[in-house]
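Hi,

Here is the structure I promised to pass on. Have a look at it first, and my notes on what turned up follow below.

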Amino acid sequence: RQDERAQFSRLAHGLAVPFVIVSMQASTNTLGTRISQRLQAGNDASEADLAVLQLLEEKQQGLSPQEQRSAVIFENEAACFAESAWAVLDQRLQAGK
């Protein structure tokens, strides 16, 4: 939620440390498929099911334009993340040292 992210932004600013939002993104279809696969396997500690996914999507608040400037986006459609996202995250964290 935006109010919670704002609290962390203020905290980071007060501590003079970098503030970065890591935004993990995947389509509803991809997330639903992953949940269904976990449920079928029956060996996952998570109790989240498709109803939980729907609830979370209804409550999710997108990033504001200001928050987007602080965000590093990780597209989570594939099994691995793009190296460029990791490089951007590292660069932003190192800039605060």
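Trp86 is partly exposed, with 43% relative accessible area; here buried means under 20%, exposed over 50% and partly exposed in between, using a 1.4 Å probe and protein chains only. Before going further: this is a predicted model, where local features need pLDDT of at least 70 and side-chain atom pairs count only at pLDDT 80 or more, while totals for chains, interfaces and linings use all residues. Residues are numbered from 1 along each chain as its sequence is written, and side-chain values use heavy atoms, leaving out hydrogens and water.

Phe74 belongs to strand 2 (residues 71–75) and Trp86 to helix 5 (residues 83–95), so the pair ties together parts that are 12 residues apart in sequence. Helices (H or I, at least four residues) and strands (E, at least two) are DSSP runs, numbered from the N terminus. Phe74 is buried, at 2% relative accessible area.

On to the charged side chains. A search of the whole structure gives 2 salt bridges, each defined as a side-chain nitrogen of Lys or Arg within 4 Å of a carboxyl oxygen of Asp or Glu. One joins Glu67 and Arg5, with 2.8 Å from N to O. Glu67 sits in helix 4 (residues 65–69) and Arg5 in helix 1 (residues 2–15), so this pair links parts that are 62 residues apart in sequence. Glu67 is buried at 9%, and Arg5 is buried too, at 17%.

The other salt bridge is between Arg1 and Asp3, whose closest N and O atoms are 2.7 Å apart. Arg1 is partly exposed at 48%, as is Asp3 at 40%.

Lastly, the surface. Phe8, Leu11, Leu15 and Val17 make a nonpolar patch of about 410 Å². Patches are built from residues with over 30% relative accessible area and no salt bridge, joining like charges within 9 Å and nonpolar side chains (Val, Leu, Ile, Met, Phe, Trp, Tyr) within 5 Å; the areas come from the Shrake-Rupley method with a 1.4 Å probe. Leu15 lies in helix 1 and is exposed, at 55% relative accessibility.

Best wishes
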